[in-house]
Amino acid sequence: MQTITTCLWFETQAEEAARFYTSIFKNAKMGRIVQAPKDTPGNDGSVPLTVEFEIEGNQFVGLNGGKMDFSFNHAISFQVECKDQAEVDYYWDRLGDGGKDVQCGWLVDRYGLSWQIVPRVLIELYSGPDREKANRVNKAMMKMVKLDIAALEAAARG
């Protein structure tokens with residue numbers, strides 16, 4: 001059983017966001033939806049208080065906490081490791097739908113959460129004793145928005 005759960009604060013869109021995320025990942029499911037007790041600050045009862053969901057074995061809870069004086073930012077992001085370019089494209093297109101592209105494989109989804117869509121091969125290209133190869137890969141990656149495996153591998157070859 002997971003003992004630490006990521007809680008995401010939404011104004012009112014926790015259930016909508018949970019359904020969005022669970023529709024994208026193949027190993028994902030909705031969990032318990034808890035209605036707000038009467039007189040809950042920031043929640044008039046028109047939306048659930050919390051929505052539990054699971055993605056790839058990781059537990060999340062979406063909290064409809066009402067208006068917030070803060071927002072999600074790049075300090076916290078979710079990294080999706082992808083086996084190939086088709087998987088990079090799949091997650092990039094779906095998580096980015098209604099959001100915005102950033103740089104270096106990062107995007108912000110329609111709810112403001114940051115995601116890193118990273119091909120597994122990037123970590124392999126960065127690893128190892130050949131630091132010049134890693135520098136070439138890094139230089140190529142820094143020019144990209146969505147990561148392109150073929151271009152990263154070409155940079156590794158020099």
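Me: Contact here means heavy atoms within 4.5 Å. Which residues does Leu95 touch, not counting residues up to four places away in sequence?

Reply: The model is a predicted one. With residues up to four places away in sequence left out, Leu95 touches Phe20, Tyr21, Ile24, Phe25, Val80, Leu107, Asp109, Trp115 and Ile117.

Me: Which element gives the most to the largest nonpolar core?

Reply: The largest nonpolar core has 40 residues, and those that touch the most other members are Tyr21, Tyr91, Leu95, Trp115 and Ile117. The element that gives the most to this core, with 6 residues, is helix H1 (residues 14–24).

Me: What covers the buried residues of H1?

Reply: The buried residues of H1 are Ala14, Ala17, Ala18, Phe20, Tyr21, Thr22 and Ile24. Their cover includes strand S1 (6–10), strand S2 (28–35), S3, S4, helix H2 (85–95) and S8.

Me: In what order do the elements of the protein run from the N terminus on?

Reply: The secondary structure comes to 5 helices and 8 strands. Read from the N terminus on, the order is β-α-β-β-β-β-α-β-β-β-α-α-α.

Me: How many of the contacts in the protein with a separation of 6 or more, as a percentage, are between residues 24 or more positions apart?

Reply: The C-alpha atoms fill a box of roughly 65 × 30 × 25 Å along the principal axes. Of the 158 residues, 40% are buried. Among contacts with a separation of 6 or more, the share from residues 24 or more positions apart is 59%.

Me: How many Å apart do the centres of the positive and negative side chains lie?

Reply: There are 18 positive and 22 negative side chains in the protein. The distance between the centres of the two sets is 4 Å.

Me: How many residues apart are Phe20 and Tyr111, whose pair links distant parts of the chain?

Reply: The structure holds 14 aromatic pairs. One of them is Phe20 with Tyr111, which is edge-to-face at 5.8 Å centre to centre and 65° between the planes. Phe20 belongs to helix H1, whereas Tyr111 is in the loop between strand S7 (106–108) and strand S8 (114–119), and the two are apart in the chain by 91 residues. Both are buried, Phe20 as well as Tyr111.

Me: What kind of pair do the rings of Phe53 and Phe60 form?

Reply: Phe53 is buried at 2% relative accessibility, and Phe60 is buried at 9%. Phe20 and Tyr111 are both buried too. The ring centres of Phe53 and Phe60 lie 5.3 Å apart with the planes at 15°, so this pair is stacked.

Me: Which residues do ring pairs link into a cluster?

Reply: The structure has 14 aromatic pairs. The cluster joined by ring pairs holds Phe10, Phe20, Tyr21, Phe25, Phe53, Phe60, Phe72, Phe78, Tyr90, Tyr91, Tyr111 and Trp115.

Me: What is the phi of Glu56, which is not a glycine?

Reply: Most residues other than glycine have a negative phi. Glu56 is in the loop between strand S3 (48–55) and strand S4 (58–64), and at 39% relative accessibility this residue counts as partly exposed. Its phi is positive, at about 50°.

Me: Is Cys104 buried or exposed?

Reply: Cys104 is in the loop between strand S6 (100–101) and S7. Its phi is near 55°, a positive value in a residue other than glycine. The cut-off for burial is under 20% relative accessible area. Cys104 has 15% relative accessibility and therefore counts as buried.

Me: How many Å apart in space are Leu125 and Asn43, C-alpha to C-alpha?

Reply: Leu125 is in helix H3 (residues 120–126) and is buried at a relative accessible area of 10%. Not counting residues up to four places away in sequence, Leu125 touches Lys133, Ala134, Val137, Leu152, Glu153 and Ala156. Leu125 and Asn43 are 82 residues apart in sequence, and their C-alpha distance is 48 Å.

Me: What distance separates the C-alpha atoms of Asp93 and Met144?

Reply: Asp93 is found in helix H2 and counts as partly exposed at 44% relative accessibility. Asp93 and Met144 are 51 residues apart along the chain, and their C-alpha atoms are separated by 15 Å.

How values were computed:
Residues numbered from 1 in each chain as written. Predicted model: local features only at pLDDT ≥ 70, side-chain atom pairs only at ≥ 80, totals over all residues. Heavy atoms only, no water. Core = buried A, V, L, I, M, F, W, Y, C linked by side-chain atoms within 4.5 Å. Buried < 20%, exposed > 50% of the residue type's maximum accessible area, 1.4 Å probe, protein only. Helix = DSSP H or I, 4+ residues; strand = E, 2+ residues; numbered from the N terminus. Lys, Arg positive; Asp, Glu negative; His and termini not counted. Charge placed at Lys NZ, Arg CZ, Asp CG, Glu CD. Phe/Tyr/Trp six-rings, centres within 6.5 Å; stacked < 30°, edge-to-face > 60°.
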